[in-house]
Amino acid sequence: MSLVTIEPDLVSAHTRDCRRAYGLVLDGQVNSRAEISRRLGLRSTSTSRVVAELLEHRLLIETSGASAGRGRPASVLIANTRRIGASVIYVSSRSLAGALVDLSGHLVVERRRAMPEQAGNAELAAAMAALAEELLAAMPPGMSHAGTAVSLSGLIDLRLGQWLLASRWPKMRGLDIRALIEPIAGPVAICRNLDAELRARAIRAADGFAGGTMLLHWGWGIGLAYAQDGEPYAPTGSFGEIGHWRLAALGEKPCGCGNTGCLETGAALWALLPVLRRHWPDLDENETRLTGQLAALDLLSLPEIEAAARLLARSLANACRILFPARIAVSGPFVRNAQLWARLVTLFREEGTMDGFAMPELLGVESGHLYEVHGAASPLLSHAIASLLSAKA
Ligand SMILES: [Zn+2]
């Protein structure tokens, strides 16, 4: 799988051919000059110019393949996937994590720093700056750096590049991420973690998530992202704070956002974990480890879990009346519990839809940070390729 999307920009025909040929090799669809000519409908002289440029930029490597019989062995074109890398800094439970990602999505280097709950702006800024420096310093020889993507949860101002609020670190307020990272390992691309995850899931989906797709994360917090034809709707302000929809059934339960009766107070992991630990004291607060722990437990025997599933199904059904998605992907530690998942699907179907509309497909998807890391890196890597292969005509 490659993380590069090839844009049909306003460029010369030659540049467009270079980008398309590169995309085909990177995706493993072709590996010879003859196949490039055939797929792009090019004369062999044009293909030679295209391949020459891609070799010159070290985006491709040409090696001699095994001979198929008599005569000179045909050369094989392979993508130099370590030609460009992008750094991604993201939040993983109560840690800041970093990864250097190459063009094929391979994580060349990974780093992690645990941050205590009482960490404020100074501590988080220092850790983030150190991660950005370490990832840049770890680049293998010959790799160019496309920039640093910072994928965040909580409230973010994408226009100003500021991290406003994060439930894991309540003392942090208004951290100016762009000003911090730009001088160290810019350019900086800041995104919401769910938008990044949704982008990467769309890149990997067979149909590219044609039409509308909602991604619901049901974990420590509850959040929603939405994409149209695989492109996340990422407004500069906030979006998808379904976890803070206020519900009469939840009464006056206080929420970290300053309100009461939010969906999260009855259905998020932060609210349910104390209840779950009364029955299973060893449960971890790390979503990845918890996913395995929850899989085999009889969660539905607890009335709080049944209530959470009901509230979530109703909220999801209401969100569908705003966004009308064709499919809903649900990620997070609860999804791996087969009984609870089946119950959520049933409750959601019972909610129904409006006359004349089909029920969206509900997909339980595997959690993990790889999608988020890939989706955050993809725009920077794609932009770097487009800049390298820009019009000379
Ligand atoms: Zn709230």
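A salt bridge is taken here as a side-chain nitrogen of Lys or Arg within 4 Å of a carboxyl oxygen of Asp or Glu, and a search of the whole structure on that rule finds 15 salt bridges. The model is predicted, so local features need pLDDT of at least 70 and side-chain atom pairs count only at pLDDT 80 or more, while totals for chains, interfaces and linings use all residues. Residues are numbered from 1 along each chain as its sequence is written, and side-chain values use heavy atoms, with hydrogens and water left out.

**Zinc site**

- The zinc ion is coordinated by His244 (ND1), Cys255 (SG), Cys257 (SG) and Cys262 (SG) at 2.0 to 2.3 Å, where donors are N, O and S atoms within 2.8 Å of the metal (3.2 Å for Na, K and Ca), and sites may look incomplete because water is not among the atoms.
- The angles subtended by the four donor atoms run from 102 to 122°, which makes the arrangement tetrahedral, a label given to four donors if all angles lie between 85 and 135 degrees.
- Along the chain, the donors of the zinc ion follow the spacing H-x10-C-x1-C-x4-C.
- His244 is partly exposed at a relative accessible area of 24%, whereas Cys255 is buried at 9% (buried means under 20% relative accessible area, exposed over 50%, and partly exposed in between, with a 1.4 Å probe and protein chains only).

**Domains and their interface**

- The chain is divided into domain 1 (13–80), domain 2 (84–197 + 370–385) and domain 3 (206–368), with bounds that come from an automatic or database domain assignment.
- The centres of domain 2 and domain 3, taken over C-alpha atoms, are separated by 25 Å, and their contact (heavy atoms within 4.5 Å) takes 16 residues from domain 2 and 21 residues from domain 3.
- Domain 2 and domain 3 bury about 1,400 Å² between them, 46% of it on carbon and sulfur atoms; buried area is the accessible area (1.4 Å probe) that two parts lose on being put together, summed over both.
- Two salt bridges are found across this interface.

**Individual salt bridges**

- Arg94 pairs with Glu285, with the closest N and O atoms 3.6 Å apart, and Arg94, Arg168 and Glu285 are linked in a network of salt bridges.
- Asp102 forms a salt bridge with Arg82 at 4.0 Å between the closest N and O atoms; Asp102 is buried at 2% relative accessibility, while Arg82 is partly exposed at 34%.
- Glu306 and Arg343 meet in a salt bridge at 2.8 Å, N to O, with Glu306 buried at 19% and Arg343 partly exposed at 22%.

Methods
Tetrahedral: all angles 85-135°; square planar, octahedral: opposite > 155°, others 65-115°.
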